[in-house]
Amino acid sequence: MWAILSILVENKPGILFKVTHLFRSRNFNIDSISVGVTDDENYSRMTITTYGDDKQIIQIVKQLDKMIDTVEVKQLDEHKTLFRELCIFNIKLSSASDSMEVNKLVNAYGGKVHDVKKDSLMVELTATPAQIKAFEELVKPFGIIDVARTGVAALQRSGA
Amino acid sequence: METMTGAKALMTAMEKEGVKQVFGLPGGANLPMYDEFARCDIRHILVRHEQSAAHMADGFGRVSRKPGVCFATSGPGATNILTGLATAQADSAPMIAVTGQVPVAMIGKDAFQESDIIGMANPVVKYSFQPRLPGEVPEAVRKGFYIAETGRPGPVLLDIPKDVQQNEAPMDFPDEFTIQGYHPWNDPDVASVQRAVDMLVNSERPIILAGGGTIISSAFAELQSVAETLMLPVVTTFKGKGAFPENHPLSLGPIGMHGHAEANKMMAEADCVLAIGTRFSDRSVGTFEAFEKRLKIIHMDVDPAEIGKNQTTNIAVVGDVRASLRIMVKLLLQKSLKKSEDSVWIKHVRETKEYWKENLKIHPGEMGAAKILRKLRELLPKESVVTTEVGQHQMWASLFYDVIQPGTFFSSTGLGTMGWGFPASIGAKVARPDVPVVDIAGDGSFSMTENSLATAVLEDIPVIVFVLNNSTLGMVAQWQRTFYDRRMIGVDQGGCPDYVKLAESYGAQGIRAQSMDELDKAIKSALSSDVATVIDIPIDPEEDVLPFVAPGTSLSDMILPS
């Protein structure tokens, strides 16, 4: 099971270390992590995606909750949550037709094209991890030179 | 607000917490706080190795239920306490470790005696603080003590850079503070306790499994009341040993790898267990799967993260286990629920207990472990405090030394730290100078921290070290005999050192006991001695600890003495 965890922590040095250390020492895995300060600069929000069965996810949430530096720990329901990841691809172009094909895919996925060169172009895509994965599969035949991903940012929808 | 140095603020804040003594060893980076001992009423107890200071603080904390305090300098001083922190964390013992650190501007420069102790200690402390300004010291101390002793207790590290100790600031000592993300106590859910009562009453073969949490929260009277009212036999984990008087008719003793035969048997036959303050460790339950299908589990624990961590439960009650048991006692009183003393189950429990009392084979020699430990039990007043080291002697103590007064038996059960028992006994004796304190030891473990004899002698802390000396790392030897075809590698201690001479060289009393008569005299002499005593008791190096539940097997599959 894929799970999105939203963790509100005190904005103090060393807390990211403690959270990631907890995952390591408890034998859990981090799939992606993103961290940023909230509107109140006393707090940061970490969004961590992870895999595990129900029992493992419950245990991760409890262990995170037990941490003294975490103020609020929530497992977000995918269906009631807006979650997005920003991804940048550097894609190889072998011919002029490649450029057109890639552009079509980028438009279909709502991405943006940057830095077009003769033999490569950069794509910025903000989407769900599943959409990013699908896009990646589609552009793989052209040749992916590099990828950088931010990790998921997520917030539960109001009233959900 | 009074202006003072960070070091002075540390000592003042600790005095406000009621600290009367600190176990420690000075060095370059903690000299400013050491200098304050000249100007305050806190006693300093010097150790010969920082690991021992941590174990002393741990022993003090477990016995007094207030955090013990240890001091160490930066770098190697700090890394030397890591094992002590990990031991306290594994057994949920309240403790405050204060380390010196290089000055703030030197941190990260690989300075002399710099170690990133906050980073290294992270997984083995409940929390840590590194004040970067002198003014932050009082609140760090206040919060540190609060965190260490509330909820599920644990060790807290205060790492204080030298300039933070030296520099002055106006100090505020707050009584009130908030820790937003820390909720140590939950109110137990009464409805869940009611369901637990119903489940216990409607079971045919109910049993209580009392863990270390029962001792930490001093839930002795409540446990006994529930057990007697519902006629529930009581088994314990090893850490829970002595949560319930072991001479009580309903007591079956500890379960586990070296549990009592009757306890393991009855645990395996039960259909419902009230598990109190336990994490269902592998050492205690073996493989639970074998009988959990027909076992209904009620789990009381102060730590919500323990519910479902190792064991799926039918009913969970989160909260201080004493508070939870009080609710249960009240519900039982209201409904005047009382179980018959003659149920089929209780009769079966009595018969099983009786059978093993008669039929468990013990070492035939005069100086077998069972006879030695029963002699110690016979001569020690019931309020005596016992600590143990880790190894065969520890498991023999579990099998043959009955704890009569609850909460008087302590051991490194989680981390299994050899060398813990002796310094811990010194800490225990400082907490309870009015009762005899005995470290039941083996020669292998005692070797690891034996230099604490200097502390015991020079600081007038007359503990008794009871060394079951087989001149072998006995538990390892037993596994080599059992699982490695008797290939004995790295276990022979070669009769070195001579523990009587060792004790005498430190100014302690050393007595060798080679017969029951000599043992009797030695224990009596130790009990009336003003100085620490080491009793060296040579035993058969081939004696095994039995029964033995091999790792990865079920409690009902015990290897028994042949």
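This is a predicted model: local features need pLDDT of at least 70, side-chain atom pairs count only at pLDDT 80 or more; totals for chains, interfaces and linings use all residues.
**Figure 1. Domains 1 and 3 of chain B in contact.** The domain assignment divides chain B into domain 1 (2-171), domain 2 (190-358) and domain 3 (369-538). The view takes in domain 1 and domain 3 of chain B, whose centres, taken over C-alpha atoms, are 29 Å apart. Their contact involves 24 residues of domain 1 of chain B and 24 residues of domain 3 of chain B. On the side of domain 1 of chain B that touches domain 3 of chain B, two or more residues each come from strand E2 (21-24), strand E3 (43-46), helix H3 (50-64) and helix H5 (82-90) of chain B. The most is given by H3(B), with 11 residues. By class, this side of domain 1 of chain B has 10 nonpolar, 10 polar and 4 charged residues.

**Figure 2. Helix H24 (residues 516-527) of chain B and its surroundings.** The 12 residues of H24(B) reach 16 Å from the first C-alpha to the last, close to the 16 Å expected at 1.5 Å a residue. Leu519(B), Ala522(B), Ile523(B) and Ala526(B) are the buried residues of H24(B). Seen down the axis of H24(B), these buried residues fall within an arc of 95°, so they line one face of the helix. An α-helix has 3.6 residues a turn, so residues three or four places apart point the same way. Asp517(B) and Lys524(B), on the other side of H24(B), are exposed. The cover over the buried residues of H24(B) includes helix H17 (369-379), strand E18 (464-469), strand E19 (509-512) and strand E20 (533-538) of chain B.

Figure 3. E17(B) pairs with strand E15 (residues 385-388) of chain B in the parallel sense over 4 bridges, and Asp439(B) in E17(B) is the bridge partner of Thr387(B). E17(B) and E18(B) also run parallel, joined by 5 bridges. Here Val467(B) in E18(B) stands opposite Ala441(B).

**Figure 4. Domains 1 and 2 of chain A.** The domain assignment gives chain A a domain 1 (2-76) and a domain 2 (82-156). Their centres, taken over C-alpha atoms, are separated by 28 Å. Domain 1 of chain A brings 8 residues to the contact and domain 2 of chain A brings 7 residues. Strand E1 (2-10), strand E2 (32-37) and strand E3 (43-51) of chain A each supply at least two residues of the side of domain 1 of chain A that touches domain 2 of chain A. E2(A) gives the most to this side, with 3 residues. By class, the side has 3 nonpolar, 5 polar and no charged residues.

**Figure 5. Helix H4 (residues 129-139) of chain A.** The buried residues of H4(A) are Ile132(A), Phe135(A) and Val139(A). They line one face of the helix, because seen down the axis of H4(A) they fall within an arc of 60°. On the other side of H4(A), the exposed residues are Ala130(A), Lys133(A) and Glu137(A). Among the elements covering the buried residues of H4(A) are strand E5 (81-92), helix H3 (96-108), strand E7 (120-127) and strand E8 (144-156) of chain A.

Notes:
Residues are numbered from 1 along each chain as its sequence is written. Chains are lettered from A and ligands numbered from 1 in the order in which they are written. Domain bounds come from an automatic or database domain assignment. Two residues are in contact if their C-beta atoms, placed from the backbone, lie within 7 Å. Ala, Val, Leu, Ile, Met, Phe, Trp, Tyr, Cys and Pro count as nonpolar, Asp, Glu, Lys and Arg as charged, and the others, Gly among them, as polar. The expected span of a helix is 1.5 Å times one less than its number of residues. A residue is buried if 20 or more other C-beta atoms lie within 10 Å of its own, exposed if 12 or fewer, and partly exposed in between; C-beta atoms are placed from the backbone. The arc is that of the directions from the helix axis to the C-beta atoms. Two strands pair if DSSP finds at least two bridges between them.
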